[in-house]
Amino acid sequence: MENLKNRVTIYEVAKMSGVSLATVSRVINNSDIVSQKTKDKVNDVIKKLGYKPSALAQGLATSKSTTIGVVIPSANYVYISNMLNGMTDKAKELGYDLRLFTTSHDRGEALKVMEKVITSHVDGAIIFDDELENEELMKIASYSVPLVAINNDIEATNVGCIHFGYEHNIKNIVADYIKNPHKEMYFIHSNNCGRLLERIEKAFVDTHVKNNTNYGILSSDDSYTKTYNDFMKFFESTKKGYFLAYRDSLAMAILNAALDSNLKVPEDVEILSLIGTKYALMTRPQISSMHIDLYQIGASAVELLTKIMNKEETDKHITFASEFVKRGSTL
């Protein structure tokens, strides 16, 4: 991002001019209701800062929608689609358009997407890519782009954060289970799934270590087919276990592999999905899961961002707690 110049925003023009965002917008759109003195003052600031009007500047005066950039790993995952639906509905309600940017597991490619976000002159951005480090997100914030980071913790004047509360509940679930364990617990480590999974895995391991109990870590690709095939082989020698999987599709793969190996669920094999979606209800037995309202997270992210963009006083750190929903895949 070193090749990008610091972007001047309408917020800076309004602050330096001592007027509202709407007044700057009216000056840019040559409105007759602004005095010549105010026009001259604002235009002098615009010239001094080298400000280039964006959709926000015109939208404030014309009632056209302004644009929010949304950065997500992929819209193919159900849980991300749920979050995106919440963003879309809230943006429509508040009069904003969304522009979608998708990243891959390649960090270099993700950074290129970040550059596109900045150069596209969106009026604010929501970023849900927890493979990016805080340092990289701070670079975006430094370009004066109002930002909401989902599942990242950043302290900056124009940045809000939405946190997922998983670790505490995972520790409680594991601690309660190992008081009277029926079988050994395994954590399914999926590659390239970001810091959320890393934090949950750490909570899982720390709880076992604290209680001096055995546990297993199994690596698997983030793929239903690959996970199913891996567990068909795994169940040839291991007939019991309690498995924590990242997503419903991986939990379904373990469930189906267990049933196809003539094992009983939950008597022989117990399964917990960490990010539960509607698919947890489509299996027989249904899959126990950690529920978090991803639709509401998406809606809250848009609402928080618009408050930051409008410089409203608000709590910039919001935490959504997960809830354990017991179903037929656990005893």
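## A tour of loops and parallel strands

Begin by selecting Pro-285, found in the loop between strand 9 and strand 10 (288-291); helices (H or I, at least four residues) and strands (E, at least two) are DSSP runs, numbered from the N terminus. The model is a predicted one, in which local features need pLDDT of at least 70, side-chain atom pairs count only at pLDDT 80 or more, and totals for chains, interfaces and linings use all residues. Residues are numbered from 1 along each chain as its sequence is written, and side-chain values use heavy atoms, with hydrogens and water left out.

Next, select Val-265 and Pro-266. A cis peptide bond joins these two residues, and omega is about 15 degrees. Pro-266 lies in the loop between helix 11 (248-260) and strand 9 (269-275).

Most peptide bonds are trans, and most residues other than glycine have a negative phi. The next two stops concern phi.

Go to Asn-30, in the loop between helix 2 (21-28) and helix 3 (36-49). Its phi is near 55 degrees, a positive value in a residue other than glycine. Asn-30 counts as exposed, at 55% relative accessibility; exposed means over 50% relative accessible area, buried under 20%, and partly exposed in between (1.4 Å probe, protein chains only).

Now select Asn-151, in the loop between strand 4 and strand 5. Asn-151 is not a glycine, yet it has a positive phi of about 70 degrees. Is Asn-151 buried or exposed? Asn-151 is buried, with a relative accessible area of 3%.

From there, select strand 4 (residues 147-150), which is covered on both faces. Leu-147 and Ala-149 on one side are buried, as are Val-148 and Ile-150 on the other.

Show strand 3 (residues 124-127) alongside strand 4: the two run parallel and are joined by three bridges. Two strands pair if DSSP finds at least two bridges between them. Ile-127 has Ala-149 as its bridge partner in strand 4.

Finish with strand 5 (residues 159-165), which runs parallel to strand 4 and is joined to it by four bridges. Select Ala-149 again: in strand 5, its bridge partner is Cys-161.
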